[in-house]
Amino acid sequence: MRTQVAIIGAGPSGLLLGQLLAKAGIDAIILERQTGDYVLSRIRAGILEQVCIDLLDEAGVGVRMHREGLVHGGFEMLYNGQRHRIDMKGLTGGKNVMVYGQTELTRDLMEARTQAGLPTVYQALNVAVHDFDTQKPSVTYEKDGESFKIECDFIAGCDGFHGVCRASAPRSAITEFEKVYPFGWLGLLSDTPPVHHELIYVNSPRGFALCSQRSQTRSRYYLQVPLTDMIEQWSDEAFWQELRLRLDDEGRARLITGQSIEKSIAPLRSFVTEPMRFGRMFLAGDAGHIVPPTGAKGLNLAATDVKYLSNAIIDYYQESSEAGIDSYSARCLKRIWRGERFSWWFTQLMHRFPGDDAIAARFQQAELDYLFNSEAGARTIAENYVGLPLDFGG
Ligand code: RFL
Ligand code: PHB
């Protein structure tokens, strides 16, 4: 088999890349280890930046998103029993974000791929990448007990944090930066109306909580929990009880609880790989970097990696130019580090850290006080939350 671009991973990064390349008439095959249903069952991101919305439109998969997604112009922060609204739209000259679940976005991309008759191999096992330091890379895999080889011009590693592509890069050529946080997020999805029409980020003495949503009838809530907690310890009732304790009176009065549809614990990590290109293999999305979810940046950074990569590959074929390929890694990393910094900062601000002393609590309090009472402070958080434009300066 031969293709121009072998894409490893059919998460949002791989599927979006496949779509953008197909629009430009470039062939790609996607190899995915799991089944399509499994990919759709992972409940993850919920917030799309404008840049990401624009990319989905460009890929031709934005129709349902615009119909069903909820546009948000602000969010609330709850601290010390008081709520403070960050007026994103007002503070950024009219920018919003969109509430639209990663599951839905992935489903839209999958359907567009199927409709266009583009090839995706699900349950591709033992995927291995070869010779990406030459002009003739290839990928091998097994499916239903048979072995296959794909020859290609480029390999796109869109295979997430536990994928094979980053792991196959020569150790001497790679630098990894990592910070693991001493807690996780316990998430619960339920078919209940959200407690508030906008998101609420909560810093309470019992730890962080987040009230998010997927629609006007579906809620997504998170609680900061110790890393040692097991999901079996958290009945739905225990979750709701703990959430109530972290909310304010208004939140407690309005909270509607119900049976969970999904419940899981995710660890929090900041992680960056440098570089993101190894010869003819590129990393994109979670394969190259992870942020703690507090800033809602992971999927958005993945989408912009994919945009830079698709432009670079299109320029290679259409303009015979390698300039985009050569600058891919540096271009992505500049944006990624900005997202990493914000996500780390917002995580530090909103969580209770084990072993924190009295002075750490006062620093947090003073910083929140600054954000709530200074327009410059509020604008800093708003500007970062709505995200950078695709071609940001500085
Ligand atoms: P994915 O989604 O992990 O997809 C990678 C795919 O590659 C496959 N794969 C392989 N296939 C073949 N062979 C192999 N050897 C393979 N190894 C792996 C996997 O099965 C998988 O299908 O990475 P991708 O596409 O880069 O997408 C990244 C996003 O999923 C991620 O950044 C976001 O979910 C992060 N995130 C959020 N991002 C936002 O922008 N806004 C949010 O509001 C937000 N909330 C979140 C989040 C992530 C969370 N968790 C669980 C970490 C909330 C949470 C709780
Ligand atoms: C979500 O809805 O899953 C979500 C929203 C905002 C975040 C993280 C996760 O910061």
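Biologist: Which residues does Ile314 touch, not counting residues up to four places away in sequence?

Modeller: In this predicted model, Ile314 is found in helix H10, which covers residues 298-319. Ile314 and Gly25 are 289 residues apart in sequence, yet their C-alpha atoms are 9.0 Å apart in space. With residues up to four places away in sequence left out, the residues that Ile314 touches are Leu20, Leu21, Ala24, Ile26 and Glu319.

Biologist: Is Ile314 buried or exposed?

Modeller: The relative accessible area of Ile314 is 16%. Buried means under 20% relative accessible area. Because its value of 16% falls under that cut-off, Ile314 is buried.

Biologist: Which helix gives the most to the lining of the largest cavity?

Modeller: The count comes to three cavities of 30 Å³ or more, and the largest cavity has a volume of about 110 Å³. Helices H10, H11 (323-350) and H13 (375-386) each supply at least two residues of the lining of this largest cavity. With four residues, the helix that gives the most to that lining is H11.

Biologist: How many charged residues are in the lining of the largest cavity?

Modeller: The largest cavity is lined by 13 residues, and Lys297, Gly339, Asn384, Gly387 and Leu388 are those that lie nearest its centre. Sorted by class, the lining of the largest cavity has three nonpolar residues and five polar ones, and its number of charged residues is five.

Biologist: How far is an oxygen atom of ligand 1 from an N or O atom in the side chain of Asp286?

Modeller: Around ligand 1 there are 32 residues, of which Glu32, Arg42, Gln102, Asp286 and Leu299 come nearest. An N or O atom in the side chain of Arg44 is 3.0 Å from an oxygen atom of ligand 1, while Gly46 has a backbone N or O atom that lies 3.1 Å from an oxygen atom of ligand 1. For the side chain of Asp286, the distance from an N or O atom to an oxygen atom of ligand 1 is 2.7 Å.

Biologist: Which residues lie nearest the centre of the second largest pocket?

Modeller: The second largest pocket has a volume of about 270 Å³, and helix H4 (63-68), helix H6 (102-115) and strand E17 (260-274) each supply at least two residues of its lining. By class, that lining has four nonpolar, four polar and six charged residues. Of the 14 residues that line the second largest pocket, those nearest its centre are Thr103, Glu104, Leu189, Arg214 and Arg218.

Conventions: Residues numbered from 1 in each chain as written. Chains lettered and ligands numbered in written order. Predicted model: local features only at pLDDT ≥ 70, side-chain atom pairs only at ≥ 80, totals over all residues. Heavy atoms only, no water. Buried < 20%, exposed > 50% of the residue type's maximum accessible area, 1.4 Å probe, protein only. Contact = heavy atoms within 4.5 Å. 1 Å grid on protein atoms, 1.4 Å probe; cavity = no way out; pocket = protein on both sides within 12 Å on 5 of 7 lines; lining within 4 Å. Points joined across faces, edges and corners; volume = space filled by probe spheres on them. Nonpolar A, V, L, I, M, F, W, Y, C, P; charged D, E, K, R; others polar. Near = heavy atom within 4 Å. Polar contact = N/O pair within 3.5 Å; in protein donor to acceptor, adjacent residues only side chain to side chain.
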